[in-house]
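Here are a few exercises to work through with the model open beside you. Try each task before reading its solution.

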Amino acid sequence: MKSNQDITHFVAPIEETPLLATDAVKTDQAPLSLWADAWRKLRRRPLFIVSAVMIVIILIVAFFPGLFTQTAPNDNCQLANSDGAPSAGHPFGFTFQGCDVYARVIYGTQASVMVGVFAVIGVLLIGVTLGALAGFYGGWVDAVIARLGDIFFALPLVLGALVVTQLPFFRENKSVWTVIMIIVLLAWPTMARLTRGAVIEVRNADFITAARSLGVSRIQSLIRHVLPNALAPIIVLATMELGVFIVLEATLSFLGIGLPGSIMSWGNDISAAQSSIRTNPAVLLYPAAALSITVLSFIMLGDALRDALDPKSRQR
């Protein structure tokens, strides 16, 4: 065995190991907040950039359809053009009734996107409010809201919509706002349950206890401190649900219980295209493709937001 005197230790010179440069910490910059850090990550992700650009284009089409077509979707519908092939000024061809498919796809964007956006707003208002109260106060408040949510969870979304639409009020007043009300009525428990879990995770944090010790009331603590720190999963779910609600509107319209036929939407166009699917499948293809692209855009955006806002998924 070698003695300690026989063991040679090799130590690199200090100038070859610039630890100060490697481990330096910038003390002149304020730490990034959750949202600033998330934005820094998002703007470097192609998934976010592509989905955001697609959503901006879809919103422009929905609010300003006249920028993309000069043809009125329901005017000049001539049976002579029934299931006609694409031609100059009519790139998608004609429907069975002789209407321009391209114009109907463009103008149908408005109703479909409107249902998705306002349904998400309604679900956020009801779901976040009830979920935040249940998670923050607990006790009987949590029990009552949880049991109320369980009633709606027991009813599948599409089946529940089929039942609700047969009620006299909804059956006699079919419109965009009626469909929005039905979706909000049936879809808020998912948002409430997610909000409840996020609030429970935050409510016992040290800064909440410090705020309470400084005399901040419970409701002020909930609004000013708990909810802002529980928004990340809520925003992600809301983004994804927007696409889901657009699909739900199309499903209900396809079944004949959603938007009335007088309102242009992708669901109504897909339903009307059933009679021409064998002779002219393009009539079905274009509104279905617009629906798929829109839903995919919001799902991609939700995935990008989830990866940026979830600390566990970040690379250190």
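Helices (H or I, at least four residues) and strands (E, at least two) are taken as DSSP runs and numbered from the N terminus. The model is a predicted one, where local features need pLDDT of at least 70, side-chain atom pairs count only at pLDDT 80 or more, and totals for chains, interfaces and linings use all residues. Residues are numbered from 1 along each chain as its sequence is written, and side-chain values use heavy atoms, with hydrogens and water left out.

**Exercise 1.** Locate leucine 296 and classify its accessibility.

Step 1: Look in helix H13, where leucine 296 is found.
Step 2: Apply the classes: buried is under 20% relative accessible area, exposed is over 50%, and partly exposed lies in between (1.4 Å probe, protein chains only).
Step 3: Leucine 296 has 45% relative accessibility, so it counts as partly exposed.
Step 4: Now find methionine 240, which is 56 residues apart from leucine 296 along the chain; their C-alpha atoms are separated by 9.3 Å.

**Exercise 2.** Decide how the rings of phenylalanine 92 and tyrosine 286 are arranged.

Step 1: A pair of aromatic rings is described by the distance of the centres and the angle of the planes.
Step 2: Rings of Phe, Tyr and Trp (its six-membered ring) pair if their centres lie within 6.5 Å; planes under 30 degrees apart are stacked, over 60 edge-to-face, and the rest tilted.
Step 3: This rule gives six aromatic pairs.
Step 4: In one of them, the centres of phenylalanine 92 and tyrosine 286 are 3.8 Å apart with planes at 5°, so this pair is stacked.
Step 5: The two residues are 194 residues apart: phenylalanine 92 sits in the loop between helix H3 (46-63) and helix H4 (101-137), and tyrosine 286 in helix H13 (residues 282-309).
Step 6: Phenylalanine 92 is partly exposed at 24%, and tyrosine 286 is partly exposed at 24%.
Step 7: Together with Tyr102, Phe92 and Tyr286 form one aromatic cluster.

**Exercise 3.** Which residues does isoleucine 183 contact, leaving aside its neighbours within four places in sequence?

Step 1: Count a contact where heavy atoms lie within 4.5 Å.
Step 2: Isoleucine 183 then contacts Val115, Ala119, Phe245 and Leu248, with neighbours within four places left aside.
Step 3: For the wider setting, take a nonpolar core as a set of buried Ala, Val, Leu, Ile, Met, Phe, Trp, Tyr and Cys residues joined through side-chain atoms within 4.5 Å.
Step 4: The largest such core has 63 residues, and Ile183 is among those with the most contacts inside it.
Step 5: Helix H8 supplies the largest share of this core, 14 residues.
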